[in-house]
Amino acid sequence: MIILLTVSPLATLATSVLAAGANALSIVTQGPVLLLIARTGLLAALATLWAIILGLPPAWILTRTDLPGRRVLLAVAVLPLAIPPYIGALTYITLLGPVGWVNTTAQALGAGGPIANIYGLWGGIFVLGLFTYPYILLMAGSALQGSDPALEEAARAVGLGSIATFRRVTLPLLRPSLLAGALLVFLYALSDFGAVSLLRVDTFTTEIFHQLNTRFDQRNAAVLSGVLVLITAGVLIAQRATLGRRSYVQRRSGVRPPTVYPLGRWKLPALCCTYIVLGGSVFLPVALLLYQTGSLMTLLQTLVSGYHFLWNSLWTATVAATAASGLGLFVAYLAQRRQGPVGLLLTSATQLGYAVPGTVLGLSLILLYNAYLPWVYGTAAMVIIGYLLRFLPQAVQGSTAALVQVDAHLEEAARSLGRSAWQALREVTLPLIRPGIAAGWMLVFISSMKELAATLLLRPAGFDTLPVRIWIASIEVDYAGAAATSLILIAITAVPLFLMTRRDATLSRIE
């Protein structure tokens, strides 16, 4: 059932592409489509590079130095994960748009015209990198905390300086983590719709949405979606091949915590570097949203008048997260405890949703359910199914990470005492892996609350969520309403993110 649920939408999309026949090839080889491929690839590549530039220095500063307040700063540094890039785009349009604060101030001081313009490709790169760098920070920070200090000590013992040690020892060991974080950023940039649409960057996702909602051309949309799926698959294959050619195993485990370097006279530059990144991605956007909202009364009025939008977001995200947690536990348990082709097949099938952009997944579900399950099409169930397929890998990863730390012999011991397999799972394993399941649930909940592209395509008429209302208010230039709704969304998604960060910090102190 899980394989049917995850594979059937893409199989329907592939059927639609094949049905286009020779027309599909003519569409793909047209100049505008080739330009679209180049622009989308350039956007994703440069946004990934920008995220690495923003995320790697704070990762090292906050995990390997004696910077004051680094634990608090590390918790703040992951908050951009609670701020969707389309909200970040909204705030920077207010600041750097043609009639934004910077340009109006410059013209008031005598400038002949606009001196900054956030719209376009470079604005998309700036915003996407600025609000996805926590993927790099978390991946690289985790690797830095788990590295063996003896390797760096040996490098310094043979005369290498700090920079040479980082370049020749630390950085190569970080490569798998950096590639994993870069892959997440690259795939996000490929699949983003909200930020690039607000910043007027033509990419595959905006063109697919345009074909569906303006031209009502499902054939062209299906062909473009097929191209985007092939690009995504190519990126995943290249990443796996890159890691597969090398070994990154440390010959001994880190029995000691990694070395913490005293900053000395570099303390002020390190603080400035960290606060510049946090200011651009957290402090400034939130301050701009608060200013645009105007007053607490406006925020309360938005909350009261749009409570049904909030309710739609909450209940769909909750149902999707709960269903994903149950299915994710099932898939992870089969893969870890019943190792074989079935578990591997299920794990691979669940990864499809995360690798497919929201617009492509939305179109695939429309084609599938409109043709074979019309009573489901046009209902809120479509939104929940979209969330479930899109973010099921997060629940699987959460359960898998918890299961690999639980010795299978514990279940065998319970069964030797007369417990059935289900009783052993319920009484022994589940209590031990509950934190991992909870983390997966919260990740799916946060992602579902923020999802825009799939929601726009799959929602029934009149069924709006908080992201949809933000997007509509932005299109209608109602920046006060968009800002107030954005603050509500950020506040809700920040709560589970804070709980996850606090739990991880507690575990690290215990260890």
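Predicted model: local features only at pLDDT ≥ 70, side-chain atom pairs only at ≥ 80, totals over all residues.
Reader: How many aromatic pairs does a search of the whole structure find?

Author: The search turns up 8 aromatic pairs. Let's start with Tyr 92 and Phe 126, whose ring centres are 5.2 Å apart with 85° between the planes.

Reader: Is that pair stacked or edge-to-face?

Author: Look at the angle between the planes: over 60 degrees counts as edge-to-face, under 30 as stacked. At 85°, Tyr 92 and Phe 126 are therefore edge-to-face.

Reader: Where in the chain do Tyr 92 and Phe 126 lie?

Author: They come from distant parts of the chain, 34 residues apart. Tyr 92 belongs to helix H5 (residues 85–96), while Phe 126 belongs to helix H7 (residues 121–146). Together with Trp 50, these two residues form one aromatic cluster.

Reader: Why is the pair of Trp 441 and Phe 445 stacked?

Author: Here the planes meet at 10°, with the centres 5.2 Å apart, so the pair is stacked. Both residues sit in helix H20 (residues 421–450), 4 residues apart, which is about one turn of the helix. Trp 441 is partly exposed at 27%, and Phe 445 is buried at 7%.

Reader: What lies over the face of Tyr 119?

Author: That is Arg 200, at 4.1 Å from the ring centre.

Note on methods:
Residues numbered from 1 in each chain as written. Heavy atoms only, no water. Phe/Tyr/Trp six-rings, centres within 6.5 Å; stacked < 30°, edge-to-face > 60°. Helix = DSSP H or I, 4+ residues; strand = E, 2+ residues; numbered from the N terminus. Buried < 20%, exposed > 50% of the residue type's maximum accessible area, 1.4 Å probe, protein only. Lys NZ or Arg CZ within 6 Å of the ring centre and 35° of its normal.
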